[in-house]
Structures are given as C-alpha cells and as structure tokens.
Amino acid sequence: MTSTIFAANWKMHLGPGETRAFLDTFLSGYAARPDREVWFFPPAVSLETAAQRVTDRPDIRVGAQNVHWEPKGAYTGESSVGMVHDTGSRAVLVGHSERRHVFGETDEETARKVRAVLATGMVPVLCVGEKLGEREADRTLEVVHRQLGALEDIDGHGLDGIVIAYEPVWAIGTGATATPADAATVHAAIRSWMTAHGATAAAVRVLYGGSVKPGNAEELLAEQEIDGVLVGGASLQPDSWTQICTVPVD
Ligand code: PEP
C-alpha cells in the first residue's frame, strides 16, 4: 500500500521567518507515521528554509508552487526547475487553479512545466478541476480529461512519477467541498485515464483538494479512490494542520 499524502499549499502566505516558526511548532507535535507523508508547498522565498528544517524527516517533503520550464534566461520573477531543486525541494505544483485562472496559464504551458519538473527527478503534482459552470453543465470529466492531456505523450514510467490533485475550482477556498462520493467518481476517471496511458495502477496517486479541513478530512480519506489531500487555508495554522495530518486512514 502506498502512503497517504497530506499536502499543504501555503499560497502567498508564510515568509521564511513564519515558515521557521510554523515548522518548529508542527515538528514538535507531529511524529512520523509509517502510513503517511506530509508535503509542504511554501512560497518560493521560503523553500530553502523549509527544506533545511526537515532534512532529518524523510516523511516530510518540500515543494514549489510554480516553476518556469526554461533552465534560465530573461524571465523576470520566475524560477527554473534547477533553482527550485537546489533549494532542497523535491516536488512542484503544476497547473494549480490560481495559476490557470488568475495568471492565465494555458494547458500547453502546464504541459511544458510537467516535463521540466520530471526531467529533474522532482515530482510534478498536476492540479486539475472544473469551474462551477462546467460542473453545472455536466462537463466535469471533459474538462479533467482535457487538462490531463498535459501528460499525453509521457510514457508509463514517467506517469508513475506524477501525482494528480483533483481540485474542483468551486471548492477552493470557498468552504464548499465535493461529497466524498462525487470526488471518488472523478478520481476513478483520473485513475482510468492514467492506466489507459500506461501508468501502473498501484502507482497512481490522486489527491483531493478544495476546502479540506479537520472536520471533513477523515470522511474524504475513507474513500478508497482518495490517496491524499491538498489543503490551502486549513494548512496555515499548525493546530488545524496537525489535526488533518493525524486523522485515521485505512
Ligand atoms: C488549494 O489551494 O489547493 C486549496 C485546496 O485551497 P483550500 O483548501 O483553501 O480550498
């Protein structure tokens, strides 16, 4: 059985000093558990601080929220995969809904980022999910399949190194959550897409994200199809994050 992933997306919160203070508190109360991994996605300026603070915790991984696909150049404000890797980061969020819908990132750019991340040996966490209107028009699977197209020509071995996060856009930061059964239906479709494209069934990991909190994490993770959670708001306080990271999982 693969371990359950508890991933914290801090968005534009917690600079280096706050990251150090958060991790001091969190690490003093959270002991490693063999059935789970905790992944932190701090802002770029806090990556090195976070990675250095967890070097003695193999159950904890640090990753970036975004990268550029080019190795270097005139891209003001961007960071390359090599730079991110050099901070000690071992994963990258790609195609988060805020990147797609606030910053206008396209499917094509998302695909380039996934390839660049894979080439460094880091784990891309590809975020997919439909907007409210798309859900209401019953287009959820069409949208998710289109977004998975970013992985179209990656071989099975490459797909085994990718994590998918299903995050319905209407559930991110809104307090609304997909029901565990609804999320499981989309997760099953994602799993089928991945295996149909060559991924090993046992290696496919699909996280759910969208207003996960201490009160709903356990019921979401009780679904066989949900291999972990990606959490924004409720990961910003050590207390609520520790509560989520310690919910029972099968
Ligand atoms: C996210 O940012 O990926 C997210 C799921 O946010 P929230 O948990 O706040 O909905």
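Visitor: Which atom of serine 211 lies 2.8 Å from an oxygen atom of the ligand, backbone or side chain?
Guide: For serine 211, it is a backbone N or O atom. Keep in mind that this is a predicted model.

Visitor: And how much of the ligand's accessible area does the protein cover?
Guide: The protein covers 96% of the 290 Å² that the ligand has on its own.

Visitor: What about glycine 173, how far is its polar backbone atom from a ligand oxygen?
Guide: That distance is 2.6 Å. Asparagine 9 uses an N or O atom of its side chain instead, 3.1 Å from an oxygen atom of the ligand.

Visitor: How many residues surround the ligand?
Guide: There are 14, and the closest are Lys11, Glu167, Gly173, Ser211 and Gly232. By class, the shell has eight polar, four nonpolar and two charged residues.

Visitor: Where is leucine 14, and is it buried or exposed?
Guide: Leucine 14 sits in the loop between β1 (4-9) and α1 (16-29). It counts as buried because its relative accessible area is 16%, under the 20% cut-off.

Visitor: And aspartate 138, what is its phi?
Guide: Aspartate 138 has a positive phi too, near 60°. Its place is the loop between α6 (132-136) and α7 (140-148).

Visitor: Why does aspartate 138 count as exposed?
Guide: Because its relative accessibility is 71%, and exposed means over 50%.

Methods. Residues are numbered from 1 along each chain as its sequence is written. This is a predicted model: local features need pLDDT of at least 70, side-chain atom pairs count only at pLDDT 80 or more; totals for chains, interfaces and linings use all residues. Side-chain values use heavy atoms; hydrogens and water are left out. Helices (H or I, at least four residues) and strands (E, at least two) are DSSP runs, numbered from the N terminus. Buried means under 20% relative accessible area, exposed over 50%, partly exposed in between (1.4 Å probe, protein chains only). A residue is near a molecule or strand if one of its heavy atoms lies within 4 Å of it. A polar contact is a pair of N or O atoms within 3.5 Å; within protein, one must be able to donate a hydrogen and the other to accept it, and residues adjacent in sequence count only if both atoms are side-chain atoms. Accessible areas come from the Shrake-Rupley method with a 1.4 Å probe; for residues, only the protein chains shown count as cover. Ala, Val, Leu, Ile, Met, Phe, Trp, Tyr, Cys and Pro count as nonpolar, Asp, Glu, Lys and Arg as charged, and the others, Gly among them, as polar.
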